[in-house]
Amino acid sequence: MKVYQLLTGICLFGALLSPDQAAAGSRTVRLSLEDAVRMARENNYTIRAARSRVDQAEAKITQTRQSYLPKVTLSETFLVTNDPGAALVLKLQQNSVEMADFNPEKLNNADTINDFNTSLQVIQPIFNADAAIGRKVASTAKRAQELMTARTEESIELQVSRVYYGLILARKNIEAVDQSIGTMGGHSREAAKAYKVGLLTKSDRLSTEVRLAELNEQKLMLHDAIKNATDALKVLLNIEQDVTLIPTGDFVVGKGAPSVDEAAVPENRSDLMVMQTYREIAQQQADMARASRLPRVNGFLRTDLHSDNVFSGGSSWSMGVNMQWDIFDGMASEGRIQEAKARELEARYSYEAARSGSLAEIRKAAREMKTAKARIAVARQALEESRVSLDYIGTQFKTGMAMTFELLMREGAYTYAKLRLNQARHDFCIARSEYEYYSGK
């Protein structure tokens, strides 16, 4: 008896406070599901990382502008030499040659010469077929990253829905258990009175205390479920840990059977569109490898300033056109073409697999919605029947016309029915969220 009383006291000490009261002193935020989804889209780190990959893809597009924009290079070189040939050439470039410099003795034994070479070079692409296709590849890759970001947002939204509904479920289950604790507490007091006057055995008296302790233990576990769900939601929304989240939403189950189209293939689903985009990229990469066999033509302009002191002396310029054609590259381009074709096949097979899997996922979610809807109806009927039965047995128990085990059975059935109804409504909302996710809605 003392053990059960001690257990009941410990449970009540931790469970009497509601989640709202336990969080006194911390900031409280009341949150609807729509608010939670919006905050996740704005603050979630996974979504932010996905958006940064879009920025990376945009940067790669910027890099491909080198296929048509000029490249300008400014360089400064300092040289010290006594090489006879180099010394004469450098003097010519510095416009400092004198007749004495052609003396054979001086030519063969040149003095040490300093040379500062300031050079400006401009290279302008004229024809570069593979680089131009590479720009298309970069643009397509950015579109793929945008689609992947959209799917990431949808995935985080699904996670938020699951955690949010799990938080609602735990809070509703606590309400149900609190009601049962109140009911069972009243019956336990009646059992204590009956035991004192000899109408109940000690075993029957203890059995009511045991059941009350079980309910309080269940409440403690539900409080942990609330904390776990709240922590998970804070991580998804990127909220400080000292904030208390109170869900304002509810399990919304419409009347009538849900309308679903199990045969509709979600062609516009973001992840499927990503795979289609990968096929485009593979095709473009094959075209790029073929184009690499063509010659590259670049124009160039170069000007040089040579002097024994910086920014003085003689200047020169040159301009022209350069053509480079890799007639045979050791089968490198052929290997890139084969690799691109294999990637295209991989993307096609992955798309077909995901497409088939999406249909199975849609059908599964649709079945779960229908089943949950039927379970809700069954659970509601069971709840009403168990309530009537418990009320009847409770009245009989107070007058000594019902046994303790009958009371415990009816109370357990009533509590279980409340929890089953909450679970069925929760499962319907989760299945609906999954159906929308897999359908790409």
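Visitor: Is Tyr437 buried or exposed?
Guide: Welcome! This is a predicted model, where local features need pLDDT of at least 70, side-chain atom pairs count only at pLDDT 80 or more, and totals for chains, interfaces and linings use all residues. Residues are numbered from 1 along each chain as its sequence is written, and side-chain values use heavy atoms, leaving out hydrogens and water. Buried means under 20% relative accessible area, exposed over 50%, and partly exposed in between (1.4 Å probe, protein chains only). Tyr437 has a relative accessible area of 16%, so the word for Tyr437 is buried.

Visitor: What kind of aromatic pair do Tyr437 and Tyr438 form?
Guide: Rings of Phe, Tyr and Trp (its six-membered ring) pair if their centres lie within 6.5 Å; planes under 30 degrees apart count as stacked, over 60 as edge-to-face and the rest as tilted. For Tyr437 and Tyr438, the centres are 5.2 Å apart and the planes stand at 65°, and the pair is edge-to-face.

Visitor: How many aromatic pairs are there?
Guide: The pairing rule just described is the one to apply here. By that rule, the count is four.

Visitor: Why is the pair of Tyr165 and Phe251 tilted?
Guide: Their ring centres lie 6.0 Å apart. The pair counts as tilted because the planes meet at 40°.

Visitor: Which residues form one aromatic cluster?
Guide: Tyr165 is buried at 6% relative accessibility, and Phe251 is buried at 3%. Both belong to the cluster, whose members are Tyr164, Tyr165 and Phe251.
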